[in-house]
Amino acid sequence: MVTKGGLPGLPAEFLIEKALTLSQERKEEDFEAFFALLVYVLFLFHNINNFVDMNAIKIFMKKNHALALHGETYYSIHLRNSYGKGMVTCCTRLLYKWYISHLPDTFEFRSQKEGLKWSRKIMTLTNTEIVWTNNHFCRMKTLDCCGDFPNVPLIGTKGAISYSPVLARRQFGFHIDKIPRDNLLDGFFLEERVENKEFRERIANAWHLSHRK
């Protein structure tokens, strides 16, 4: 175990060597565990080059990566937006899939025969051309709140942030027909390296009492 960028963790080279050794010894289950950890951390929770930090390892061991991936992406976008500049550091594959899911799926838009760059083509889109809803979500129950939080709290490897499902319901085909209550719009943003153990534990416990609609 070493420290890099102020975070404890393991060098990727060490884990790769262990994985190769296990493969040669035909210890398949152990090899698959090491290999899966490397894939998840280096591709999904990439933070420091060639380094697997303990925050990512803990999330991997909990076996529920979706919540952390969403939290990480939303956290990074919010942080860079508040700074007004900087690079978004998150699972870019997840962000890309979400982004293109809202673009028109027509040949006219997808084709590059006009020679326009994607940035120029996106700038020409109107409100009616953007794909706001997805029919696959019509019959799904969505998270409404967790524990005593009036909204949904998320924790990634870098910090914590909450979002209000009230503002996200258009993606599920619902319109906001009245002004939401103030407490439904209350959110929080806990930056990286801000120590607040009790609050983080409160978030973790809230997920045992998640409410769906």
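The accessible surface of the chain comes to about 15,000 Å², and 56% of this area belongs to carbon and sulfur atoms (areas come from the Shrake-Rupley method with a 1.4 Å probe, and for residues only the protein chains shown count as cover). The model is a predicted one, in which local features need pLDDT of at least 70 and side-chain atom pairs count only at pLDDT 80 or more, while totals for chains, interfaces and linings use all residues. Residues are numbered from 1 along each chain as its sequence is written, and side-chain values use heavy atoms, with hydrogens and water left out.

Along the principal axes, the C-alpha atoms fill a box of roughly 60 × 50 × 35 Å. The chain holds 10 helices and 8 strands, which are DSSP runs numbered from the N terminus (helices: H or I, at least four residues; strands: E, at least two). Of its 213 residues, 30% count as buried, where buried means under 20% relative accessible area, exposed over 50%, and partly exposed in between (1.4 Å probe, protein chains only). Among contacts with a separation of 6 or more, 58% join residues 24 or more positions apart; a contact means heavy atoms within 4.5 Å.

Together with Glu-28, Glu-29 and Glu-32, Asp-30 forms a negative surface patch. Phe-35 also lies in helix α2 and is partly exposed, since its relative accessible area is 47%. Phe-35, Val-39 and Phe-43 form a nonpolar surface patch, with about 280 Å² of accessible area together. Patches are made of residues with over 30% relative accessible area and no salt bridge, with like charges joined within 9 Å and nonpolar side chains (Val, Leu, Ile, Met, Phe, Trp, Tyr) within 5 Å; a salt bridge is a side-chain nitrogen of Lys or Arg within 4 Å of a carboxyl oxygen of Asp or Glu.

Two loop residues deserve a mention here. Arg-26, in the loop between α1 (12-24) and α2, has a positive phi near 60° and counts as exposed because its relative accessibility is 72%. Asn-50, in the loop between α2 and β3 (51-53), has a positive phi near 55°; at 55% relative accessibility, Asn-50 is therefore exposed.

Ser-76, by contrast, sits in helix α4 (residues 65-83) and counts as buried, because its relative accessibility is 3%. Beyond its neighbours within four places in sequence, Ser-76 is in contact with Met-87, Val-88, Thr-89 and Cys-90.

Note on methods:
Lys and Arg count as positive and Asp and Glu as negative; His and the chain ends are not counted. The place of a charge is taken as NZ of Lys, CZ of Arg, CG of Asp or CD of Glu.
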